Amino acid sequence: VTGANNSLGTQCHLPWPGSTTYLTYGDIWKLNPATGAPVVYFSTTNLPATESPASREITAIASGPDDSAYFSPDPAAGGPVYIGHVSAGGVFLNSWKVDDVAPLGTVRAIAVSPDGTPYYLLDRQNCLLLLKLEPDGSKSLVAGGDCTNLVASGDGGPASAATFKATSGMPSTPFADLAVGKDGSVYVANQSECRVRRIWPS
């Protein structure tokens with residue numbers, strides 16, 4: 001996938017049925033599903049100064065059932081890690097600080113549930129955590145709580161007690177990915193584990 005002026009499109013998200021597709025490399029592009037013509041939907045240059053990214057790369061992106069987009073820009077070195085929210089019309093709505101210091105924390109993937117709840121995978125020094133954003137703006141841990149034991153464990157038990165194997169991989173391939181099913185189940189694909197794990201809705 002390529003972005004503007006044949007630049008590399010670093011993320012490609014297949015959205016909800018009936019919505020559009022988002023491609024990113026600093027700019028978020030919305031494709032017209034009828035013509036395939038790309039239009040700049042939002043640019044990271046329009047982010048608030050406190051969230052100015054170190055580069056124009058976006059590390060994760062997802063669209064919701066309302067056709068809005070959630071994304072995480074590559075943060076400034078030593079700065080906080082954010083997830084931003086843009087309306088279906090390309091207006092920056094708000095953002096959430098999801099980790100305090102980069103590059104210790106990086107958002108690897110985002111997915112939005114049918115009810116509009118954003119989930120995200122936070123890679124904190126190779127420890128993979130699955131979290132979700134609550135309606136009040138707080139965040140809660142879903143799975144991967146034990147960062148002292150970086151091996152896959154906890155299948156069949158409480159999700160909050162499960163752990164993921166430490167992330168690793170080639171720079172050109174994703175470390176991990178995320179999806180939410182119609183029933184609210186969350187699926188985590190981790191390259192290091194070479195498998196997909198399912199977290200049942202509570």
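Biologist: What does Ile83 touch, leaving out residues up to four places away in sequence?
Modeller: Tyr70, Phe71, Ser72, Asn94, Ser95, Trp96, Val98, Val107, Ile110, Tyr120 and Leu133. Contact means heavy atoms within 4.5 Å. This is a predicted model, where local features need pLDDT of at least 70, side-chain atom pairs count only at pLDDT 80 or more, and totals for chains, interfaces and linings use all residues. Residues are numbered from 1 along each chain as its sequence is written, and side-chain values use heavy atoms, with hydrogens and water left out.

Biologist: Which residues touch the most other members of the largest nonpolar core?
Modeller: Ile83, Val98, Val107, Ile110 and Tyr120, out of 16 residues. A nonpolar core is a set of buried Ala, Val, Leu, Ile, Met, Phe, Trp, Tyr and Cys residues joined through side-chain atoms within 4.5 Å. Buried means under 20% relative accessible area, exposed over 50%, partly exposed in between (1.4 Å probe, protein chains only).

Biologist: New topic. How many aromatic pairs are there in the whole structure?
Modeller: Three. Rings of Phe, Tyr and Trp (its six-membered ring) pair if their centres lie within 6.5 Å; planes under 30 degrees apart count as stacked, over 60 as edge-to-face and the rest as tilted. Phe42 and Phe71 are tilted, because their planes are at 45 degrees, with centres 5.7 Å apart.

Biologist: Are Phe42 and Phe71 buried or exposed?
Modeller: Both are buried.

Biologist: And how are the rings of Phe42 and Phe92 arranged?
Modeller: Stacked, because their planes are at 15 degrees; the centres are 6.0 Å apart. Phe92 is partly exposed, at 23% relative accessible area.
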